[in-house]
Amino acid sequence: MERITTRLAEDATVQSLVNPALPVELLADALRNARHETWVCEEDGVVVGHLYGAMLENATYGNGVWIGPDGVSFNTTDILADLYATAGATWLEHAALEHYVWTLDDVVSVEPWYELGFARMHMRGVLALREPRAREFPSGYLIRRGDVDDIDTAVALDDELDAVQRVGPSFSIGLDHSTKRDDLLETLGDPDTNHYIVEANGRAVAQCLTFALPPRRGSFDHTLHLSAVTVDAEHRHHGVGTAMVDWALREAFHAGFQYVETNWRVTNRRAGTYWRHYGFVPTYVRLHRTIGTG
Ligand SMILES: CC(C)(COP(=O)(O)OP(=O)(O)OC[C@H]1O[C@@H](n2cnc3c(N)ncnc32)[C@H](O)[C@@H]1OP(=O)(O)O)[C@@H](O)C(=O)NCCC(=O)NCCS
């Protein structure tokens with residue numbers, strides 16, 4: 001536990017948008033639940049590294065292992081390599097071939113994983129909600145809340161997001177979207193999720209989703225999660241996306257949220273530029289490795 005708190009404190013020193021505070025009980029519970037799946041490396045009776053990955057079957061991302069910011073610590077790359085080799089052998093026995101790890105996006109944190117064949121996949125961006133902005137929609141655009149009756153719109157716009165990522169340089173072609181409609185229906189029916197739809201001439205042309213981020217290591221309390229931000233291709237670059245996000249974040253600010261997080265695929269370069277220009281600061285990066293292809 002001490003190694004994890006130290007690690008997060010170090011992350012927060014490098015990046016002030018990382019929350020160093022850990023709900024101790026939450027962490028103790030998580031560690032207790034994970035003790036049979038946590039690997040520890042010792043030298044002369046002293047712990048020099050640990051590794052925990054949650055084995056999960058994800059409909060979109062396959063059968064894999066997910067390692068969080070508090071799931072790993074290591075004094076040297078060799079120690080991480082030993083931990084990964086040992087834990088990985090067990091994961092492979094369970095056919096968990098997709099390995100994901102969230103780590104602080106700084107050289108010291110990511111280099112050891114690159115040495116083990118991992119590559120950058122998703123960025124997490126964080127923004128402190130200090131002054132809500134209200135850039136106007138171009139004329140002819142209206143924003144409203146969506147609900148379950150907007151499922152067709154939600155699916156159609158989400159398909160547009162997938163279309164952007166199916167072509168290069170993302171080439172995200174192997175993902176299974178068969179549960180998308182059901183997943184979105186569940187999301188839209190969730191009273192804690194906000195669905196925003198922008199219309200032009202009575203037709204939905206943009207959407208985004210927001211919800212309160214559950215407590216998690218590295219994120220601050222009162223953090224909003226923003227996702228599924230999509231503007232129809234014909235309506236991009238007119239300020240629609242920015243006005244929609246301003247709107248959603250302004251409502252969140254007035255509801256008491258202090259931070260907002262969003263994720264983007266690193267190869268979705270336009271999105272990365274857009275989020276940075278908006279003011280999101282990259283904190284963690286999700287690295288990924290598929291076993292069996294190299
Ligand atoms: C990313 C996305 C949501 C942005 O929406 P958008 O409506 O095009 O965003 P805006 O028009 O507000 O801003 C886009 C750019 O146009 C510029 N812009 C805004 N109004 C403009 C105008 N009237 N004329 C010219 N340019 C304008 C902005 O400065 C911005 O530049 P930047 O990306 O360099 O910061 C949109 O491109 C999209 O849907 N992409 C596909 C889906 C996707 O990748 N979503 C993000 C998932 S993480």
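**Sheet, flanking helices and a lined pocket**

Y100 has H288 as its bridge partner in β13. This pair belongs to a predicted model. β6 and β13 run antiparallel and are joined by 7 bridges. H288 in β13 also stands opposite A119. β7, residues 119–128, pairs with β13, residues 281–290, in the antiparallel sense. That pairing extends over 6 bridges.

Strands of a sheet pair through backbone hydrogen bonds, in either a parallel or an antiparallel sense. Here the open sheet has 10 strands. Their order is β3-β4-β6-β13-β7-β12-β11-β10-β9-β8, and the pairing is mixed. β3 (54–58) and β8 (141–145) stand at the edges. Each has a single partner strand, so one side of each is left without a neighbour in the sheet. From one strand to the next, the twist averages 25°.

Helix α3, residues 77–93, packs on this sheet. The helix touches β3, β4 (62–67), β6 (98–104) and β13. The direction of α3 makes about 140° with that of β6. Helix α5, residues 151–166, lies across another set of strands: β9 (193–200), β10 (203–212), β11 (223–231) and β12 (259–265). α5 runs at about 90° to β10.

T103 is found in strand β6. Its relative accessible area is 1%. The cut-off for burial is under 20%, so T103 counts as buried. Beyond its neighbours within four places in sequence, T103 is in contact with R7, S109, V110, W113, T283, Y284, V285 and L287.

Elements giving two or more residues to the lining are α1 (2–14), β5, β6 and α4 (107–115). α1 gives the most, with 6 residues.

D70 is found in the loop between β4 and β5 (72–74). Is D70 buried or exposed? Its relative accessible area is 13%, so D70 is buried. Residues up to four places away in sequence aside, D70 touches I4, L27, H50 and R217.

The cysteines were considered next. A disulfide is a covalent bond between the sulfur atoms of two cysteines. How many disulfides does the structure hold? The count is 0. C41 is buried, with a relative accessible area of 16%. C208 is also buried, and its relative accessible area is 0%.

Conventions. Residues are numbered from 1 along each chain as its sequence is written. This is a predicted model: local features need pLDDT of at least 70, side-chain atom pairs count only at pLDDT 80 or more; totals for chains, interfaces and linings use all residues. Side-chain values use heavy atoms; hydrogens and water are left out. Two strands pair if DSSP finds at least two bridges between them. Helices (H or I, at least four residues) and strands (E, at least two) are DSSP runs, numbered from the N terminus. Axes are lines fitted to C-alpha atoms, for helices over the stretch in contact, and angles run from 0 to 180 degrees between N-to-C directions. Contact means heavy atoms within 4.5 Å. A disulfide is a pair of cysteine sulfur atoms within 2.5 Å. Buried means under 20% relative accessible area, exposed over 50%, partly exposed in between (1.4 Å probe, protein chains only).
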